[in-house]
Amino acid sequence: MEKSRFQVAKLVQCRQIRKSAGIIDSLDLYDIFIISASSRHCKKISKLIFFNTLDLHYICIMDELYYDALDLLKKMVSIPSFSRQENEVADLIENEITKYGFKACRHGNNVWSIAPYFDESMPTLLLNSHIDTVKPADGWDTNPFVPFETEDERIYGLGTNDAGASVVSLLAAFRYLADCDRDYNLVFLASCEEEVSGRNGIESVLPLLPKADVAIVGEPTCMEPAVAEKGLMVLDGIVTGIAGHAARNEGENAIYNAMDVITALRELTFERESEMLGPVKISVTQIEAGKQHNVIPDRCKIVVDVRTTDAYSNIETLELINKCVGEKCTLVPRSTRLEPSGIEESHPLVKRLKILGKKPFGSPTLSDQALMPFPSVKIGPGDSARSHTANEYICLHEVREAIQTYVTLLDGCHIPKNE
Ligand SMILES: [Zn+2]
């Protein structure tokens, strides 16, 4: 314990030297790193030195971004930010952006910043993640609103994994890339109401932003890129019959009629199948009929959960489903706006991700990508299995690696403009 505190002190010292001295001999810095090279932090730094051919200035910047990101993450955890109640955490992000010398814009609880040198003629890359959390699950061993850092280098707290670590890592990457030569515009957006797909979230703010050509969406994916994501439609249907007394042979049972509809839905297959997402998944998830035991029911309500893929638009999928159930029932969508999303395998971002050794995959879960009418990749630190669970945590190295990966991916990347 004593030892690790000493080593962290060394790292802090490096940052302070750089700040106070302005330009200093990089060899001095190098020595300091070597002196403390026995700690786990420093081993990682040694690795960076190796990969980046002794670019110590770069290492210092990355180090500083990393520690700032951790500080911000802890502050975020300590502010409850349930969906539709993100006001205070939005204030925090707004202040943070301003603190680093960027202009912060705000719409409701969505906060964004456009990097300097914006040029209409260039394509625009959007970095996005969400600042809202779900309510804490039962079974937390610690206070979910008090960030708790352990000796094995994890931070526990509500929203650390989903998606605080992504927010702070993307903001760190934004800070780095804002200063770099780019042939694309860069926008950072911390949006709200993601967990409830709310109307005041990303959907409300996209029209106010420069038109994006591609987006990186930060969600816990173990830093592997989800290049396609299923969409969602919830359908409501009523199957009718004719009421009658159960004791006599009369009426037409709506439950029996619904069974035909359910069987048709269960057996429905589509001609086209998405390469990344597989088949469209249709599940009847709720059913409700009957008022009392001796009355043949004349109505049976069903609810159908449809996970759509990029093989069809939501409207096309809906048409095929209604064609299949025929006249027995009309299934009405609550909304068709949560479209399947994705990005072409040939997109330069996907190609670069592959060069970095990443393995593109199709994601069955839904994010704000569903509301983006342009290509997007979902990639972020942490593991989706930890989301919405008690004792949610993020590992420190996951944040460091995320910042590094975003920067390596995007620095010098060519972004094509959408027509
Ligand atoms: Zn999330």
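## A hairpin to start with

Strand S1 (residues 105–107) and S2 pair in the antiparallel sense, with 3 bridges between them. Helices (H or I, at least four residues) and strands (E, at least two) here are DSSP runs, numbered from the N terminus, and two strands pair if DSSP finds at least two bridges between them. This is a predicted model, so local features need pLDDT of at least 70 and side-chain atom pairs count only at pLDDT 80 or more, while totals for chains, interfaces and linings use all residues. Residues are numbered from 1 along each chain as its sequence is written.

Back to the hairpin: 2 residues sit between S1 and S2, and Gly108 in the turn has a positive phi of about 60°. Cys105 has Trp112 in S2 as its bridge partner. S2 also runs antiparallel to strand S6 (residues 185–191), joined to it by 4 bridges; there, Val111 has Ala190 as its bridge partner. Strand S2 (residues 110–114) has 4 of its 5 residues buried, so it is largely enclosed by the rest of the structure. Buried means that 20 or more other C-beta atoms lie within 10 Å of a residue's own; exposed means 12 or fewer, and partly exposed is in between, with C-beta atoms placed from the backbone.

## The overall picture

The protein has 11 helices and 18 strands. Of its 419 residues, 42% count as buried. Among contacts between residues at least 6 apart in sequence, 77% join residues at least 24 apart. Two residues are in contact if their C-beta atoms, placed from the backbone, lie within 7 Å.

Now for a sheet with 3 strands: it is open, antiparallel, and ordered S4-S5-S18. Strand S4 (148–149) and strand S18 (393–395) are at the edges with a single partner strand each, so one side of each has no neighbour in the sheet. Strand S5 (residues 154–156) is joined to S18 by 3 bridges, and Ile155 has Ile394 in S18 as its bridge partner.

Helix H6 (residues 160–178) packs on this sheet, touching S5 and S18, with its direction at about 45° to that of S18. Helix H11 (residues 396–410) lies across S5 and S18 too, running at about 65° to S18. Axes are lines fitted to C-alpha atoms, for helices over the stretch in contact, and angles run from 0 to 180 degrees between N-to-C directions.

How buried is H6? Of its 19 residues, 18 are buried, so H6 is largely enclosed by the rest of the structure. H11 is mostly covered, with 12 of its 15 residues buried; among them are Val399, Ile403 and Tyr406. Just after H11, Gly412 takes a positive phi of about 85°.

## The nonpolar core

The largest nonpolar core has 96 residues, and those with the most contacts inside it are Ala69, Leu127, Ala173, Phe174, Val399 and Ile403. H6 gives the most to this core, with 11 residues. Domain 2 (55–229 + 340–410) and domain 3 (231–333) both contribute residues, so the core lies between them. A nonpolar core is a set of buried Ala, Val, Leu, Ile, Met, Phe, Trp, Tyr and Cys residues joined through C-beta atoms within 7 Å; domain bounds come from an automatic or database domain assignment.

What does Ala69 touch? Leaving aside its neighbours within four places in sequence, Ala69 is in contact with Val168, Ser169, Ala172, Val399 and Ile403.

## A four-strand sheet

Another open sheet has 4 strands in the order S11-S13-S9-S14, with antiparallel pairing. Its edge strands are strand S11 (281–289) and strand S14 (332–333), each pairing on one side only. S11 and strand S13 (residues 299–308) are antiparallel over 8 bridges, with Ser283 opposite Asp305 in S13. Helix H8 (residues 254–267) packs on the sheet and touches strand S9 (231–240), S11 and S13; its direction makes about 10° with that of S13.

## A buried proline in a loop

Pro220 is in the loop between strand S7 (214–217) and strand S8 (226–229). Why does Pro220 count as buried? Because it has 25 C-beta neighbours inside 10 Å. Pro220 and Pro381 are 161 residues apart in sequence, yet their C-alpha atoms are 5.0 Å apart in space. Beyond its neighbours within four places in sequence, the contacts of Pro220 include Asn161, Asp162, Gly380 and Arg386.
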